[in-house]
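Subject: Model for you to look at, with notes

Dear colleague,

Please read them with the model open beside you.

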Amino acid sequence: MPIGGFIVNAQPEFVSDVAGQLNLIDDVEVHGFDESGNIVAVIDSVTSDVMEAQVKKIEALEPVLTVGVAYLHAEDEIEKIESGELVIDNPFGRKKKN
Amino acid sequence: MSVSRRDFIKRSAALTAASYVGMNLPISNVNVAKAVDVDTWVRGTCRLCGVGCRLEMGVKDGRPVALRGVPEARTNYGYLCMKGMLFYKLMRHPERLKKPLYREKKDQPFREISWDAALDLAAKGFAESVKKYGHDSVAYYGSGQCLTEESYLFQKVMRGGLQTNNVEGNPRLCMASAVGGYLTSFGADEPIGGYANVERSYCMFIIGSNMAEAHPVFYRRVMRRKLDNPDKVKIINADPRISPTSRIADMHLQFRPGTDMALMNAMAYVIIDENLYDEKFLRDYATFRVGKESKEVDMEAYKASLDEYTPEKAARLCGGNITAEDIRTAARWFATSQGTLSMWCMGINQRKQGVWANNLIHNLHILTGQLCKPGADSLSLTGQPNACGGVREGGGLCHILPGHRLVKKGKLRNQVEDAWGIPRGRIPPKPGYHTMAMFQAVNDKKIRAIWINCTSPAQSLPNVKPYREGMKSDDVFMVCTDIFPTKTTECANLILPAAFHFEKTGVYGCTERRSQITPKAVDAPGDAMPEVWIVREWALKLAKELNDPVIAQCVAPFVGKEPDYELPEAIWDEYTQKLTKHRDNDLRGATYDVLKSMADGVQWPAPTKEFALTGGTVMKFVRGSDPMADSEAKDDKPYQFYGPAHPDKKLWIWLRPYVGAAEEPDGEYPLYLSTGRIIDHWHTTSMTGRVPELLRANPYSFVEINPKDAKKMGVRPGDMVEIESRRGKVEMPAKVVEGPMEGMVFAYWHDMHEDRMINKVCNDAYDPGSKEPEFKICSCRVRRISGPKALTPYITQLNG
């Protein structure tokens, strides 16, 4: 279950609207924003796959100019990959040996 | 994990992000530090573009568990992109190569062998080729992703040991024209300034670069500068395609592909016509040059050469949305701002006239004196993390030796031979094959053994099909070092598993002359080993096979050193202390100890440790900033252009006419085709394609088509289309978008699938000076073949 700290940059005139829209996206918490268009958000998702999907939703908002990452904690996910609980997706249709 | 610990980690994530933008959050930081209980944070550099973002990897029980930016780093001030954040997944990826693999014939499956057997085979393969076909029948093809220590040691063994200059690397495909531009305009390779100019610039001229996707963290600085100073800072984006980068521009100049040379000559025309040039700067520091002999001419001759480029004439030639008044406005902004910064990338470099296009950007800066002062620079962006450091500086191309020395100069060859303690005359005087010639030589069976390190030419070369056929032939013995199977390992006899980033130690040199170290943090999986160990052991076996003690001498200083730290440090020391001494990339002060102590490394020249510890040279050629501007001074002027390529120590303004692309649209192939990157993927997707989060975001290539062209073709969004050129054809879905201008299509180039590999279509014509191919422009035709179709993402697998 990765946790990421993000700085979303929106056009300053729309920063309040964008912060509101971010709060509507699952797993996204807005911690603050400023008049320069900076929004500090945290994404706490089930997998990094889901996190990437949420980032894509943020990037798709029209006034959003960039999405920067400052911090990522993925210990749980790495533990699960190593223990076999979480298998890295194989989206290529290759048959796996049991 | 307990709820409270998750909460603490979330607070830590929020506070870290907030600290980058100076935001105070109304949350407590009590116990936050305890929540992230890593054993150690290891500071290194991201490897997924050329910006050189610094990051720290949190390691717990020998595993990577967390990543964070380095806020003090002047490259990225803590920011990272998602692509960079997810690279840790490659370290534990199940498809990592873990054992040496071999097959005698290329239609056989690979089988696992020991390292000893693998290195024997590699030595025998190269030795047999040398004995049978001569020294120039062997070759090395490296990468701008190799560490400097790796590129340096490979080229040392090839040149000093195997006596061939057949040493190349994939930077030939991306940056060679920038090298040619810097050398011919400024007399020295690599930019004068660096990223720090962004925050001091008042006009930014972005041409041939979609930095919002290709260099997102650096783009953030450009965006911030504009948003914080909306009225004071002007941004001009010149590109045939509207891209995410265009969103912050005050002016978007959309020109017909290749006509940017006319556009820039027209800007120069306006600058002269309206007396906007810096007369004193020109008098003190510049001369005018023309032709192959670099003949000096006067300013009147330069002016006359621009007569063909009045804004009106150029606007007609450029087409697109460009008016004569736009050209005048752009020229005025460029010339009169307090500091103008130009930035470009592959749109300028990957061209049949790439060097000339680079010269024309530099011309504008020299004419207006927009150099060597705060906010002013002519900055070529780089795509790979170590194309500058390892390949341009470390001697990774066929015509250059370490320390920016030319192969063809005997005195410089002797300096290198003496430093290596090998007999003079050992390095041959003739440069080796450049990249396209090298793979043609494979096709022609002139090269019989080739080592490909950390790159995939079987996908990344233009007009790739015939070259791949050559690589697949059993007439060439091919060794690949890599971390994953690629389209190129499919052509190999021997695959050697390499350690990945943070699994070994070494230095990267990024866009702005900045060298940064990444130490080993975790063990490589299986039997994967650092390349420096692989080269050393191979060279020792090669010396026995060829009964040549000079080959052993090339690695003798490194024998017995452990491979994770001592060995790369010894190689770095030899390179920096012996081969950069008194060269323009003097790195003697940037020892491993110094580099480790710095948040963001050292910018050369940095001749002493004391100076390196200040961060090095922020602005080259400027007295007070660059120590060599004093030590190499020829007079008392504040700027000293001491670069090795210009005997007069001046900047050169070139008379360069507009020349079109090698292949222009015609009745048969009526459209321009250009290609480029998308934010989630990098190069051939051998890495990013294996991160499912990134693959899913863009599982396959698509082609952007202007809505007007789509209407003419009867193509709707998502339809499958065929793109065909004189060299080949591919199929991919269409994206109908106001991106490329009318008459042009734009395809993403990362896809490995045979049906969608756009490099089968691209042109392999190359610049006569830089030898860099014209990936960015060719002619094609496009036709609808069906409605939307379900496609399967494809990443190549071992044996199959």
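To begin with one of the pairings in chain B, B:Ile452 stands opposite B:Cys480 in strand E18. Please keep in mind throughout that this is a predicted model. The two residues belong to a parallel pairing in which five bridges join strand E17 (residues 449-453) of chain B to strand E18 (residues 477-482) of chain B. Both strands are part of an open sheet of seven strands with mixed pairing, whose order in chain B is E5-E4-E19-E18-E17-E6-E7. At its edges are strand E5 (111-112) and strand E7 (167-169) of chain B, each of which pairs on one side only. Helix H4 (residues 115-133) of chain B packs on this sheet, where it touches strand E4 (101-102), strand E6 (138-142), E17, E18 and strand E19 (494-497) of chain B, and its direction makes about 135 degrees with that of E19(B).

A second open sheet in chain B has five strands in the order E10-E9-E8-E13-E14, and here the pairing is parallel. Strand E10 (251-253) and strand E14 (377-380) of chain B stand at the edges with a single partner strand each, so one side of each is left without a neighbour in the sheet. From one strand to the next, the twist averages 15 degrees.

Helix H13 (residues 324-336) of chain B lies across strand E8 (203-207), E9, E10 and strand E13 (340-344) of chain B, and it runs at about 120 degrees to E10(B). H13(B) also meets helix H12 (residues 311-318) of chain B, the two axes coming within 8 Å and crossing at roughly 110 degrees. Since angles of 65 to 115 degrees count as roughly perpendicular, H12(B) and H13(B) are therefore described as roughly perpendicular to each other. Their crossing is right-handed, and the contact is made by B:Pro311, B:Glu312, B:Ala314 and B:Ala315 of H12(B) together with B:Ala324, B:Ile327 and B:Arg328 of H13(B). Sorted by class, the residues in this contact of H12(B) with H13(B) are five nonpolar, no polar and two charged.

Turning to the contact between the chains, 41 residues are taken from chain A and 52 residues from chain B. On the side of chain A that touches chain B, at least two residues each are supplied by strand E1 (3-10), strand E2 (28-33), strand E3 (38-44), helix H2 (48-60), E4 and helix H3 (75-83) of chain A. The largest share of that side, eight residues, comes from E4(A). By class, the residues on the side of chain A that touches chain B divide into 18 nonpolar, 13 polar and 10 charged.

How many bridges pair strand E4 (residues 64-73) of chain A with E3(B)? The two strands pair in the antiparallel sense over three bridges, with A:His73 standing opposite B:Ala66 and A:Tyr71 having B:Arg68 as its bridge partner. Within chain B, six bridges join strand E2 (residues 54-60) to E3(B), again in an antiparallel run, and B:Met57 stands opposite B:Leu67 in E3(B). E2(B) and E3(B) form a hairpin with two residues between them, and B:Asp61 in the turn has a positive phi of about 50 degrees. Seven of the seven residues of strand E3 (residues 63-69) of chain B are buried, so this strand is largely enclosed by the rest of the structure.

Strand E24 (residues 671-676) of chain B is likewise mostly covered, with six of its six residues buried. Both of its faces are covered, by way of B:Leu671, B:Leu673 and B:Thr675 on one side and B:Tyr672, B:Ser674 and B:Gly676 on the other, which are all buried. E24(B) pairs with strand E29 (residues 778-786) of chain B in the antiparallel sense over three bridges, where B:Leu671 has B:Cys780 as its bridge partner. With strand E28 (residues 744-748) of chain B, E24(B) pairs in the parallel sense over five bridges, and B:Tyr672 stands opposite B:Met744 there.

With best wishes

Note on methods. Residues numbered from 1 in each chain as written. Chains lettered and ligands numbered in written order. Predicted model: local features only at pLDDT ≥ 70, side-chain atom pairs only at ≥ 80, totals over all residues. Pairing = 2+ DSSP bridges. Helix = DSSP H or I, 4+ residues; strand = E, 2+ residues; numbered from the N terminus. Contact = placed C-beta atoms within 7 Å. Axes fitted to C-alpha atoms, helices over the stretch in contact; angles between N-to-C directions. Buried ≥ 20, exposed ≤ 12 C-beta atoms within 10 Å, placed from the backbone. Parallel < 35°, antiparallel > 145°, perpendicular 65-115°, else oblique. Left-handed = near helix turned anticlockwise from the far one by under 90°. Nonpolar A, V, L, I, M, F, W, Y, C, P; charged D, E, K, R; others polar.
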